[in-house]
Amino acid sequence: MAADGARTGGPIARALSLLALLAVPAAGGEIRGVVQLTAEGGARVSRGVEESVVAFQPDRRVTVEVPETPAVMATSRKQFQPQVLIVARGAEVRFPNFDPILHNVFSVSPGSQFDLGVYGRSDGASFTFERPGLVRIYCNVHRSMFAYVLVLDTPFYTRPDRSGRFRLSDLPEGPGTLILWHPRGDFDTLRVEPSAVLDDVEIEISKHTIPPHLDKFGRPYRAARDRYN
């Protein structure tokens, strides 16, 4: 999967010697395991693992259905909701504004650049995501507003529970790539068979909670004042 900021090394590659890949009986193929967050230096992080995404990209091409109804990422109380939205390649996403103030949703992620313009409370506008990868979403009015649309070319994905446990079921036969991501980390990948148990798969998180970014013109933000400030 081509992704803005993707990489294939990092903690996963360094921890391969610690991974236990055990064959298990599985009807239709299954991958399960535990995700563990670590900070720079290797210290374990106890919170936020449920914000991670785990996806399996089979080597064999699979059909990914695109819903006819657009997905929704709303703006409410100066936040994007949800902050992470996972969609299939080719999916349309609508960005309604539920606030009584103006917003301007935009992205400069390569291959998925868009600018929906300034609009108040309304159903908003939409954008169709044609390129797999991570799309960073911002508001040109409010620097603290940010979100992510993760565009996948596979229907096999999940998010861990609060203990980090995950399970991917009904997978096709044959090898593929396990993709791991957290909003405060980078992408990591791991080659797997669709009947494996992965013990303590690490994702390193080191990015700021609010990612540094410029406005849609490539300039620093000016202070915005409205009733929510």
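Biologist: Hi! What is the relative accessible area of Asp200?
Modeller: Asp200 has a relative accessible area of 30%, so it counts as partly exposed. On that scale, buried means under 20%, exposed means over 50% and partly exposed is in between, with a 1.4 Å probe and protein chains only.

Biologist: Before we go on, what kind of model is this?
Modeller: This is a predicted model, in which local features need pLDDT of at least 70 and side-chain atom pairs count only at pLDDT 80 or more, while totals for chains, interfaces and linings use all residues. Residues are numbered from 1 along each chain as its sequence is written, and side-chain values use heavy atoms, with hydrogens and water left out.

Biologist: Good. Which side chain meets Asp200 in a salt bridge?
Modeller: Arg44 does, at 3.5 Å from N to O. Asp200 belongs to strand E18 (residues 195-204) and Arg44 to strand E2 (residues 44-45), so the pair ties together parts 156 residues apart in sequence. Arg44 is exposed, with a relative accessible area of 54%.

Biologist: What counts as a salt bridge, and how many are there?
Modeller: A side-chain nitrogen of Lys or Arg has to lie within 4 Å of a carboxyl oxygen of Asp or Glu. By this rule there are seven salt bridges.

Biologist: Which residue forms a salt bridge with Glu30 at 2.8 Å?
Modeller: That is Arg167, with 2.8 Å between the closest N and O atoms. Glu30 sits in strand E1 (residues 30-38) and Arg167 in strand E15 (residues 165-168), so this pair ties together parts that are 137 residues apart in sequence. Glu30 also meets Arg32 in a salt bridge of 3.5 Å, N to O.

Biologist: What is the strand order in the open sheet of four strands?
Modeller: The order is E14-E3-E16-E17, with antiparallel pairing. Strand E14 (157-158) and E17 stand at the edges with a single partner strand each, so one side of each has no neighbour in the sheet. Two strands pair if DSSP finds at least two bridges between them.

Biologist: How many bridges join E3 to E16?
Modeller: Six, between antiparallel strands, with E3 covering residues 53-58. Val53 stands opposite Trp181 of E16.

Biologist: And the core? Which residues touch the most other members of the largest one?
Modeller: Met73, Phe95, Phe129, Ile137 and Val149, in a nonpolar core of 20 residues. Elements giving two or more residues to this core include strand E7 (84-88), strand E8 (91-97) and strand E11 (122-129). Another core lies apart from it, with 19 residues, among them Phe166, Leu168, Leu178 and Ala196. A nonpolar core here is a set of buried Ala, Val, Leu, Ile, Met, Phe, Trp, Tyr and Cys residues joined through side-chain atoms within 4.5 Å.

Biologist: What share of the chain counts as buried?
Modeller: Of its 229 residues, 45%.

Biologist: Now Asn140. Where is Asn140 found?
Modeller: Asn140 is in the loop between strand E12 (133-139) and strand E13 (146-152). Asn140 is buried, with a relative accessible area of 16%. A polar atom of the Asn140 side chain lies 2.8 Å from the backbone nitrogen of Lys216.

Biologist: What else is Asn140 in contact with?
Modeller: Leaving aside neighbours within four places in sequence, its contacts (heavy atoms within 4.5 Å) include Asn104, Phe106 and Tyr221.

Biologist: Last one: where does Pro183 lie?
Modeller: Pro183 lies in the loop between strand E16 (176-181) and strand E17 (188-192). Pro183 is buried, at 11% relative accessibility. Not counting residues up to four places away in sequence, Pro183 touches Glu51, Val84, Tyr148 and Lys207. Gly48 is 135 residues from Pro183 in sequence, and their C-alpha atoms are 9.7 Å apart.

How values were computed: Polar contact = N/O pair within 3.5 Å; in protein donor to acceptor, adjacent residues only side chain to side chain.
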